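Please look over the chain shown below before reading on.

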Amino acid sequence: MGAYLRKGLLGLKEKHPRTVVEVMGQGLFQGILLNFGKDTVSKLVDVSKNPLFQTYETVLLGGISRELFEHHNILVHFQPGARDILHFIPPLVIEEKHIDALITALDQIFERGLPDATVKFVAKNIRQVFSGG
C-alpha cells in the first residue's frame, strides 16, 4: 500500500507542480512538501525571520487539514517545526479506496487553490472566537 500511496502523491506533484514541491517518506509514512509562495514572498521580506509568514504557513496547513477532516473524514498531521509539510500516517489496515479518497480530496483542494481552504479556516475560527465557542 505504501507504493500505491506514493504513486498517488507523485501524481499530485505532476498535476500540481506549483503546489506540491516534493513527495517524501517511505511505506505508509509519507508527506508532501508544499509551496506556499515563498519564492514570491521572499522577494519582499526575509521569510526565515518573519513570524507572520511562519504563522501564515501554519494557517494554510490548518485550513487544508480541517477541510480534509470535516469534508472527507481524513485525518492528516503537520507539526510547527515543519510548517510546509503535510504528513500522511494512515492506519496499517488501509485499502486502495482510502488512498484514492485522500488523493481525490487533495486534488480538489489544490484545484481550487490553497487560499480557498485557508479563507474558510480563518472565517470559521474567527466566528468561534467571537461566539465564545
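## Overall make-up

Among contacts in the protein chain (heavy atoms within 4.5 Å) between residues at least 6 apart in sequence, 58% join residues at least 24 apart. The model is predicted, so that local features need pLDDT of at least 70 and side-chain atom pairs count only at pLDDT 80 or more, while totals for chains, interfaces and linings use all residues. Residues are numbered from 1 along each chain as its sequence is written, and side-chain values use heavy atoms, with hydrogens and water left out.

The secondary structure comes to 5 helices and 4 strands, where helices (H or I, at least four residues) and strands (E, at least two) are DSSP runs numbered from the N terminus. Read from the N terminus on, the elements follow the order α-β-β-α-α-β-β-α-α. Of the 133 residues of the protein chain, 39% count as buried, a term that means under 20% relative accessible area, with exposed meaning over 50% and partly exposed what lies in between (1.4 Å probe, protein chains only).

## Helix 1 against helix 4

The axes of helix 1 (residues 2–15) and helix 4 (residues 96–112) come within 10 Å and cross at roughly 15 degrees; axes are lines fitted to C-alpha atoms, for helices over the stretch in contact, and angles run from 0 to 180 degrees between N-to-C directions. The two helices are therefore roughly parallel to each other, since angles under 35 degrees count as roughly parallel, over 145 as roughly antiparallel, 65 to 115 as roughly perpendicular and the rest as oblique. On the helix 1 side the contact is made by Y4, L5, G8, L9, L12 and K15, and on the helix 4 side by E96, I99, D100, L102, I103, L106, D107, F110 and E111. These residues divide into 9 nonpolar, 1 polar and 5 charged, with Ala, Val, Leu, Ile, Met, Phe, Trp, Tyr, Cys and Pro counted as nonpolar, Asp, Glu, Lys and Arg as charged, and the others, Gly among them, as polar.

## Two residues of helix 4

I103 lies in helix 4 and, at 16% relative accessibility, counts as buried. Leaving aside neighbours within four places in sequence, I103 is in contact with G8, L9 and L12. The C-alpha atoms of I103 and G8 are 6.2 Å apart in space, although the two residues are 95 apart in sequence.

D107, also placed in helix 4, is buried with a relative accessible area of 17%. Its side chain is joined to that of H16 by a polar contact of 2.6 Å, a polar contact being a pair of N or O atoms within 3.5 Å, of which, within protein, one must be able to donate a hydrogen and the other to accept it, while residues adjacent in sequence count only if both atoms are side-chain atoms. Not counting residues up to four places away in sequence, D107 touches L12, K15 and H16.

## Loop and strand residues

T19 lies in the loop between helix 1 and strand 1 (20–26) and is buried, with a relative accessible area of 15%. Apart from neighbours within four places in sequence, T19 is in contact with L33, L34, N35, F110 and L114. N73, in the loop between helix 3 (51–72) and strand 3 (77–79), counts as exposed at 69% relative accessibility, and N73 has a positive phi of about 55 degrees although it is not a glycine.

H87 has its place in strand 4 (residues 82–88) and is buried, with a relative accessible area of 13%. Residues up to four places away in sequence not being counted, H87 touches F29, Q30, G31, V76, H77, F78 and Q79.
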